[in-house]
Amino acid sequence: MMTSELSDSLVQTWVTGWARTHGYEVRHEGAVHSALMGSDSGEWEYVVFDPEETELRKVAAAVAKSPERLLTVIAEPDADIMGTQEVNGLELISDEEKLMVVNMETQDVEDPITPETYTTSREDFEGWTLFTVHQGENVAARGRMAVVDDYSILDRIYTSPDYRRQGLGTFVTRALLAIAHEHDVSEGLLVANAEGQELYEYLGWTHLGDVHVFGAPGATDRRRPSHSQIDEEISQ
């Protein structure tokens, strides 16, 4: 089935949902979509789609002013981002992530069966839902889903190290999509790291765009490895 093509409006939708599940403040100024990653900090992440060189250099200059800032460029698969490992003095931090999409008509409406020995909980917040898998008092896996217009944005799907390779990532993904079906949504969006891409392809997701993350020189050591796979509360 056909899904949306990559566009600035689609990237804006993803940024809105992704930021919502993190509690980030969001601003959309023309083709620049930014998220403030801490109310008392200057940790801005600027997200742009396939920018013109002049626009890219303008945003890069703002990012270069602080090691707390990031520039994320989302582009067509295998697009040449200025053919370089750096943009205006910024260093490439990550280019392994992919923006992926799925047609919701292909996904189950029914809740998946909870695996034996596990329990689940669901918390609904304003515009997004947290779904958690427990074993006893331990958090085994977790994921978040926001609804923006007619899109569901999945984020922070994470399995604790002791519970990996038991199908919990698949279970959480399917559970979040079943929750999404409570809303009038047509497509799902998420950003997957290299580890998660195979799982999502198996579940019917397709690769829509490449995600390139840049930061000021020296910022590499403090950057999270992924937009979507980390849940700070259970991955310490």
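**Close-up views of a predicted model**

**View 1. Leucine 176 in helix H3.** Helix H3 spans residues 168–180 and contains leucine 176. The model shown here and in the other views is predicted. Leucine 176 has a relative accessibility of 0%, so it counts as buried. Arginine 122 is 54 residues away from leucine 176 along the chain. Their C-alpha atoms are separated by 9.8 Å.

View 2. Arginine 122 pairs with glutamate 182 through a salt bridge, at 2.8 Å from N to O. The pair joins distant parts of the chain, 60 residues apart. Arginine 122 sits in strand E7 (residues 119–125). Glutamate 182 sits in the loop between H3 and strand E11 (187–192). Arginine 122 has a relative accessible area of 37%, so it is partly exposed. Glutamate 182, at 51% relative accessibility, counts as exposed because the cut-off is over 50%. Asp124 belongs to the picture too: Arg122, Asp124 and Glu182 are linked in a network of salt bridges.

View 3. Arginine 57 and glutamate 53 form a salt bridge, with their closest N and O atoms 3.1 Å apart. Both residues lie in helix H2. They are four residues apart, about one turn of the helix. Arginine 57 is partly exposed, with 32% relative accessible area. Glutamate 53 is also partly exposed, at 46%.

**View 4. Glutamate 25 with arginine 27.** These two side chains meet in a salt bridge, 3.2 Å from N to O. Glutamate 25 is partly exposed at 38% relative accessible area. Arginine 27 is partly exposed at 40%. Across the whole structure, a search finds five salt bridges.

**View 5. A negative surface patch.** Glu5, Asp50, Glu52 and Glu76 gather on the surface as a patch of negative charge. Glutamate 52 belongs to the loop between strand E3 (44–49) and helix H2 (53–64). Its relative accessibility is 59%, so glutamate 52 counts as exposed.

View 6. Gly196, Gln197 and Tyr200 are buried in helix H4, which covers residues 194–202. Viewed down the axis of H4, the buried residues fall within an arc of 115 degrees, so they line one face of the helix. The face turned away from this buried side carries exposed residues: Glu195, Glu198 and Tyr202. Glutamate 195 is exposed, with 67% relative accessible area. Glutamate 96 is 99 residues from glutamate 195 in sequence, but the two are 9.4 Å apart in space, C-alpha to C-alpha.

Methods: Residues numbered from 1 in each chain as written. Predicted model: local features only at pLDDT ≥ 70, side-chain atom pairs only at ≥ 80, totals over all residues. Heavy atoms only, no water. Patch = residues over 30% accessible without salt bridge, like charges linked within 9 Å, V, L, I, M, F, W, Y side chains within 5 Å. Areas by Shrake-Rupley, 256 points an atom, 1.4 Å probe, with all protein chains shown as cover. Salt bridge = Lys/Arg side-chain N within 4 Å of Asp/Glu carboxyl O. Lys, Arg positive; Asp, Glu negative; His and termini not counted. Charge placed at Lys NZ, Arg CZ, Asp CG, Glu CD. Helix = DSSP H or I, 4+ residues; strand = E, 2+ residues; numbered from the N terminus. Buried < 20%, exposed > 50% of the residue type's maximum accessible area, 1.4 Å probe, protein only. Arc of directions from axis to C-beta.
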